[in-house]
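This briefing covers the nonpolar core and the salt bridges of one protein structure. Please consult the sequence and the model alongside the points below.

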Amino acid sequence: QVQLVESGGGLVQPGGSLRLSCVASGRFFSINTMGWYRQAPGKQRELVAVITRGGSTNYADFVKGRFTVSRDNAKNTVYLQMNSLKPEDTADYYCNADVMTGVVRRSEYWGQGTQVTVSS
């Protein structure tokens with residue numbers, strides 16, 4: 001079983017910054033792509049940013065230039081640095097990981113979510 005635990009959410013004023021972290025633990029061989037999704041009240045979950053094991057990244061258009069995704073493979077951790085936050089960034093942010101749980105077996109896992117509120 002694999003667990004993803006997020007941290008770093010909270011309340012921040014518009015224009016402020018937050019850094020989210022997500023640590024993967026449990027039994028697995030390796031982690032392929034890791035990333036962040038978000039879900040605002042009444043809306044569908046949407047991709048924010050993802051990063052491959054090799055460091056290639058992909059961002060949603062609405063965060064380009066403001067958010068940066070990174071990872072530490074040795075620590076099984078993915079980060080999301082969020083700058084210039086806007087009220088519309090308010091949402092629950094979820095960590096996602098594509099995990100090799102066996103030599104040829106892969107599974108997708110989600111964290112429990114961390115709340116980000118951008119408000120004055």
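A salt bridge is a side-chain nitrogen of Lys or Arg within 4 Å of a carboxyl oxygen of Asp or Glu. By that criterion, the whole structure holds five salt bridges. The model is predicted, so local features need pLDDT of at least 70 and side-chain atom pairs pLDDT 80 or more, whereas totals for chains, interfaces and linings use all residues. Residues are numbered from 1 along each chain as its sequence is written, and side-chain values use heavy atoms, without hydrogens and water.

**Salt bridges**

- Arg 66 and Asp 89 pair through their side chains at 2.7 Å, N to O.
- Arg 66 lies in the loop between β6 (57–59) and β7, and Asp 89 in the loop between β8 and β9, so the pair ties together parts 23 residues apart in sequence.
- A network of salt bridges links Arg 38, Glu 46, Arg 66 and Asp 89.
- In the salt bridge between Arg 106 and Asp 98, the closest N and O atoms are 2.2 Å apart; Arg 106 is exposed at 52%, while Asp 98 is buried at 15%.

**Nonpolar core**

- A nonpolar core is a set of buried Ala, Val, Leu, Ile, Met, Phe, Trp, Tyr and Cys residues joined through side-chain atoms within 4.5 Å.
- The largest such core has 31 residues, of which Trp 36, Leu 80, Met 82 and Tyr 93 touch the most other members.

Note on methods:
Buried < 20%, exposed > 50% of the residue type's maximum accessible area, 1.4 Å probe, protein only. Helix = DSSP H or I, 4+ residues; strand = E, 2+ residues; numbered from the N terminus.
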